Amino acid sequence: MKDNDARHLPGPEYWCGEFRAGYDHSDLEASRDDWDKRSVNFVHKGRKEDYVEYFLKRLPLCEAESVFDMACGAGAVTIPLAKAGHPVIAVDFSQGMLDALLEYAAEEGVDALIQTHRRAWQDDLTDLPVADVAISSRSLILDDLADAIAKLESKARRLCVITLPGPDRKHMGEPRTSGYRIQTTAIVMNYLMSLGRLPKLDYIEYAHILHAGDPNDTRRRSTWCYIEWAPSKDRGRG
Ligand SMILES: C[S@@+](CC[C@H](N)C(=O)[O-])C[C@H]1O[C@@H](n2cnc3c(N)ncnc32)[C@H](O)[C@@H]1O
């Protein structure tokens, strides 16, 4: 290895630019309206989701540790966490999602363990509480990677966890296409490492039935990338 090899590794700005380039720049208000509409079909009550089971199996929580759940949706992850005794700060920019989550929490008798806040990733989060662990499950939907990672780290005393869409096997090894989703994970891993973090990567893989009641029982394989890292002790902005 030549002496100067390491000098040519791209820094954090490069990876943030790559992340931004792959993002579909949609309007924040339009996106909020869209998620509000989708919240009607986002009811998780009594529904067993393999993704949630495998995600929670990987999440290394100690007893009663608190969780900051950013872009929590209708509570697919929030409610099982609260049922396991973890206080949760649940944040989402869609009131429809938060209403669905609160209804679900009341039915499960865990509302006392959950506090909700209507905020976007793009908002100031400094006044929100810090938790032991901060997560963003299936919800890193934004263009400013540096801002999102800084905000997540500012809400975590011990650990940060995100999940991102996993590799679309049909497109593995091809140059970048819209279907080549593993790029995003590679960019986020490189970004975190360029900051000096030591992220761990795992894959959540499962087969699920495409349509309920499908006589052919057609199954689709889904993959999510699970990334976990210890935040910087010098917690950034919120
Ligand atoms: C695919 S859902 C995931 C929900 C939940 N974390 C889960 O794993 O089931 C994405 C969530 O991100 C929220 N979201 C999208 N863009 C957001 C933004 N800019 N700020 C805050 N929340 C956002 C949506 O309202 C939605 O609830």
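**Loop and backbone notes**

A: Starting with R138: it is partly exposed, with 16 other C-beta atoms within 10 Å. Keep in mind that this is a predicted model.

Q: Where does R138 sit?

A: In the loop between β4 and α6.

Q: And what is phi for R138?

A: Near 55 degrees. That is a positive value, and R138 is not a glycine. Most residues other than glycine have a negative phi.

Q: Is A64 buried or exposed?

A: Exposed. A64 has 11 C-beta neighbours inside 10 Å, and the cut-off for exposed is 12 or fewer.

Q: Back to the loop between β4 and α6. What about D144?

A: D144 lies in that loop, between β4 and α6. D144 counts as partly exposed because it has 15 C-beta neighbours inside 10 Å. D144 and C16 are 128 residues apart in sequence, yet 7.1 Å apart in space, C-alpha to C-alpha.

Q: Zoom out. How many helices and strands in the chain?

A: Seven helices and seven strands. From the N terminus the order is α-α-α-β-α-β-α-β-β-α-β-α-β-β.

Q: What share of the chain is buried?

A: 31% of the 238 residues.

Q: And what share of contacts links residues 24 or more positions apart?

A: 68%, counting contacts in the chain with a separation of 6 or more.

Q: C16 came up. Which helix does C16 belong to, and what does that helix meet?

A: C16 is in α1, which meets α7. From α1, P12, W15, C16, E18 and F19 take part. From α7, the partners are I187, N190, Y191 and S194.

Q: What is the geometry of α1 and α7?

A: Helix α1 spans residues 12–21 and helix α7 spans residues 182–194. They pack at an angle of about 160 degrees, with their axes 8 Å apart. Over 145 degrees counts as roughly antiparallel, so α1 and α7 are roughly antiparallel to each other.

Q: Is the crossing of α1 and α7 left-handed or right-handed?

A: The α1 and α7 crossing is left-handed.

Q: How covered is α6?

A: Mostly covered. Helix α6 runs over residues 145–154, and seven of its 10 residues are buried.

Q: Which ones in α6 are buried?

A: L145, A148, I149, K151, L152, E153 and S154. The list includes K151 and E153, and both of those residue types count as charged.

Q: Now the ligand. Which residues come nearest?

A: W35, A71, G73, A76 and S137, out of 19 residues around the ligand.

Q: What classes make up the shell around the ligand?

A: There are 11 nonpolar, six polar and two charged residues in the shell.

Q: Last one: where is G96?

A: In helix α5 (residues 95–108). G96 is partly exposed, with 19 other C-beta atoms within 10 Å; buried would need 20 or more.

Q: What is G96 in contact with?

A: D36 and S39, leaving aside neighbours within four places in sequence. The C-alpha atoms of G96 and A74 are separated by 8.2 Å, and these two residues are 22 apart along the chain.

Note on methods:
Residues numbered from 1 in each chain as written. Predicted model: local features only at pLDDT ≥ 70, side-chain atom pairs only at ≥ 80, totals over all residues. Near = placed C-beta within 6 Å. Axes fitted to C-alpha atoms, helices over the stretch in contact; angles between N-to-C directions. Helix = DSSP H or I, 4+ residues; strand = E, 2+ residues; numbered from the N terminus. Parallel < 35°, antiparallel > 145°, perpendicular 65-115°, else oblique. Left-handed = near helix turned anticlockwise from the far one by under 90°. Contact = placed C-beta atoms within 7 Å.
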